[in-house]
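Hi,

Here is the model I promised to send over.

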Amino acid sequence: MLSIHSVKTLALSLLLGAVLSTGCGATRRPPASPARSSSSSSTSSSHAPAARAVPLRAPAFTAKQANQAANLLRRSQWAQAHVTWEGRELTITWTDGHTESAMANVARDGMHERRDYLAPKTLAGRTWLSDGKQVRIYNPRTKRLVISPQGTMSALNLPLLFQNYQVVLDPKTHMTAERSCRILRLQPRHGGKPHRVLWLDAATAVTLKHERYHADGSPASITQFNDIKIGGVIPSSRFHPRFPAQQVRRTEPEGDERWEGDHNTRSFPPSRLHSGYRVQKCSDAPYEGIRCAYTDGVDLLSVYSLPLSSPPPALHGEKVNLGHTTGTARAMAHQWAVSWIAERRQWVVIVDSSRDLALQIARGIVTR
Amino acid sequence: MRGPHTLSLHSAYLDQDLGVEEMRHVAAHLEVCRPCEADLRRMERTRALLRDLPPPRPRANFWEAAYRRLEREEAIPLPWWRRLSMPQRSALVLAPAVLAMLAAVLLSIPDPAPQPALYGPDHVDALIDAHMRARAAQPLVDQGPVRMIMVDARSGE
């Protein structure tokens, strides 16, 4: 028996399938998986979000194309902070066979961003606001306002990105959200990592659609605009609403940033990890710990090193062998976390992609 | 010398329980006082009569009846406290006192500190929250799912 949530998901999938079929139909897309083929359009060139992506082979990737791709990526990051737009965004995620979807009206002007969620019912009515420094999330049902610091946007590390990904720019332009767009495919050079397809507005480089696929080709998430208006003026009041909050909760800001030189100590995570990840920054973490953020140019993972608490923590999850020691692995919402205890510290690796990648990273730290 | 009558001393005189002077006094008085002498003679005759009487003998079933009565009395159970031996009676008295002292000692000992938990929390939930915040500031990351998860997790309660 179908639940309401399943029906909504199916409806959203059909909607997205219809958008895909009317959008960039000429784009090379992987074949639909049998499990979800019923929700996709009958057009062979269009696919439902659950379609399995076949790793793309790019036989001719010239220096000119690389320059074009790099320029497009740079423009995309610049657009994120400078181009004004508003539209309706659809997000679908897949986790362990469970599908979640959300629809929101999104407006962005410089560093200001506002999202008003329309669906699902559990999120409808909630507002996300950001001024680039802090995030405010308001739930009208509980009249609760949560204020959190927002991390500083990191600079795009193109050399690292090209080192870890094969970037393929589709030479043709396509259509999505009734706008002409360019398609960039980011194929990881290391196994076990997700690959991405970016649909960037041809004129402004605003990201119109972002697809993420697991290493095995199964979809992880898709974010796309059904309709979008780029340019124009958005009233400032939209980014500064007054909430009749009855309860305000503030979360702790992130701690001081630490230098990479601290990596000489064993208690600090290494500066380089498996699969091409390099440390982006290290900072004080909750529980008197250290958090190091690693990036491969696109993807982000976190490694935490906490002093052992008293009593020592109970590590929940599936027992896993990490080489010199054992740990636990568990999926939390959309992340995989691997924990273990070594050198009188608790270590936690958190990745957004797969269990295998989390284990690879953890083993690399244990056996360094 | 006649003097007062010595009637009250006659019984002791016959038993020779008086002192030498009293014996002489009573003897001298009896020689001159006829009533007292007559009283002494009556007393001597009575005593002689009693001495000549046969000794009293018990009834024929006296001893049998006496034994039966004793047996009946032995058959009646004694109260429990009378059946206890002396050490047992001592223990009976001392036991409550010892228990009271023990209770006082136990009550005076402070409660042991609560046993600490064997394991603490692993904080992974909070760490994932911090990871999501960092991910929201990463270029080229699809922000839709990140925002969706954060909105759901932070304002959901």
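What is the mean pLDDT of chain B, and what share of its residues reach 70 or more? The mean is 84, and 95% of the residues of chain B get to 70 or more; pLDDT is the predictor's confidence in each residue, from 0 to 100.

Some housekeeping: this is a predicted model, in which local features need pLDDT of at least 70, side-chain atom pairs count only at pLDDT 80 or more, and totals for chains, interfaces and linings use all residues. Residues are numbered from 1 along each chain as its sequence is written, while chains are lettered from A and ligands numbered from 1 in the order in which they are written.

On confidence, the model scores ipTM 0.74 and pTM 0.64. Among the elements of chain B, helix H2 (residues 20–32) has the highest mean pLDDT (92) and H8(B) the lowest (78). Chain A averages 79, with 79% of the residues scoring at least 70. Watch residues 12–60 of chain A, where pLDDT stays under 50. Where pLDDT is low, the predicted coordinates should not be read in detail.

Chain A has four helices and 21 strands. Helices (H or I, at least four residues) and strands (E, at least two) are DSSP runs, numbered from the N terminus. Of its 368 residues, 44% count as buried, meaning that 20 or more other C-beta atoms, placed from the backbone, lie within 10 Å of a residue's own.

Now the interface: 35 residues of chain B are in contact with 54 residues of chain A (contact: C-beta atoms, placed from the backbone, within 7 Å). H7(B) (124–136) and H8(B) (143–154) each supply at least two residues of the chain B side, and H7(B) gives the largest share, eleven residues. That side divides into 21 nonpolar, six polar and eight charged residues. Here Ala, Val, Leu, Ile, Met, Phe, Trp, Tyr, Cys and Pro count as nonpolar, Asp, Glu, Lys and Arg as charged, and the others, Gly among them, as polar.

A nonpolar core is a set of buried Ala, Val, Leu, Ile, Met, Phe, Trp, Tyr and Cys residues joined through C-beta atoms within 7 Å. Of the 84 residues in this one, Val349(A), Ala358(A), Ile361(A) and Ala362(A) touch the most other members.

By contrast, H4(B) has zero buried residues out of 14, so it lies largely in the open.

Cheers

How values were computed:
Buried ≥ 20, exposed ≤ 12 C-beta atoms within 10 Å, placed from the backbone. Contact = placed C-beta atoms within 7 Å.
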